[in-house]
Amino acid sequence: MNVRQLSKLIGIACLMFTSQVAGQDKNDYSNHRKKMIENQIVSRGVTDENVISVMSEIPRHLFIEESQWPIAYSDGPLPIGHGQTISQPYIVAFMTELLQPDTHHVVLEIGTGSGYQAAVLAKLVHHVFTIEIVSELGRSARKTLKRLGYENVSVRVGDGYKGWPKEAPFDRIILTAAPEEVPKALVDQLKPGGRMVLPVGPRWWGQDLLVIEKDLTGEVIEKKTLPVRFVPMVHEKERKN
């Protein structure tokens with residue numbers, strides 16, 4: 001299913017769910033978040049209490065268009081424009097748990113998108129540096145994060161394949177778009193003892209979610225976790241073309 005088909009299904013779903021939120025304060029989605037946590041995240045094996053707590057609090061609906069608020073906490077990705085999506089809540093939780101974030105960590109995120117994953121990380125680590133190649137999304141995410149009070153997130157528009165050398169090395173690196181191969185520049189910017197979580201594989205199909213660890217000697221170890229389907233990660237030159 002491509003992003004256009006997903007958008008059509010979401011339009012239908014929004015109409016179906018509108019009646020369920022009628023009579024409620026349209027800005028109060030606490031019950032939806034509670035159900036999301038119970039039915040999509042905890043039930044599938046995510047156990048990190050910090051991840052669960054943070055995702056129970058963050059207003060996911062404020063990171064997407066208001067027309068999609070009724071299904072902001074549904075079990076699936078949602079389009080955010082420019083051929084990009086906000087990831088399924090379970091995948092956000094699972095990847096964050098795999099990353100094993102800690103309060104002293106400095107994290108690099110590739111693929112800011114709506115800013116939701118950065119917001120989740122910002123509650124768990126010291127600072128998040130996040131890169132988005134689509135300038136419109138980068139500017140929008142920066143405004144949203146600032147408006148919601150996330151002061152420990154720095155957003156930059158640029159080519160994620162290059163990473164953020166000036167702020168490297170990073171304790172943790174996470175990618176929310178899939179390169180066909182693991183970018184060497186990002187591995188180089190991972191601190192010894194660090195960990196990276198990323199989808200890797202052909203565009204749209206046959207991708208695997210990897211965990212990469214760099215030990216204290218600099219040796220890199222890769223481990224596959226589960227098959228996934230992410231939007232492709234693109235180079236700056238591809239974006240211009």
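**View 1. Cover over helix H3.** Helix H2 (30-41), helix H4 (89-99) and helix H5 (116-122) are among the elements that cover the buried residues of H3. Contact means heavy atoms within 4.5 Å. Helices are DSSP runs (H or I, at least four residues) and strands likewise (E, at least two), numbered from the N terminus. The model is predicted: local features need pLDDT of at least 70, side-chain atom pairs count only at pLDDT 80 or more, and totals for chains, interfaces and linings use all residues. Residues are numbered from 1 along each chain as its sequence is written, and side-chain values use heavy atoms, with hydrogens and water left out.

View 2. In H3 (residues 49-57), Val51, Ile52, Val54 and Met55 are buried. They sit on the same side of H3 because they cover an arc of only 165° around the axis, taken from the directions from the helix axis to the C-beta atoms. Exposed Glu49 and Asn50 lie on the face turned away from the buried side. Buried means under 20% relative accessible area, exposed over 50%, partly exposed in between (1.4 Å probe, protein chains only).

**View 3. H2 against H3.** The helices pack at an angle of about 145°, axes 8 Å apart. Axes are lines fitted to C-alpha atoms, for helices over the stretch in contact; angles run from 0 to 180 degrees between N-to-C directions. H2 contributes Arg33, Met36, Ile37 and Ile41; H3 contributes Ile52, Met55, Ser56 and Glu57.

**View 4. Surroundings of Leu198.** Leu198 lies in strand E7 (residues 190-200). Its relative accessible area is 0%. Beyond four places away in sequence, Leu198 touches Leu175, Pro179, Val182, Pro183, Asp208, Leu209, Leu210 and Ile212.
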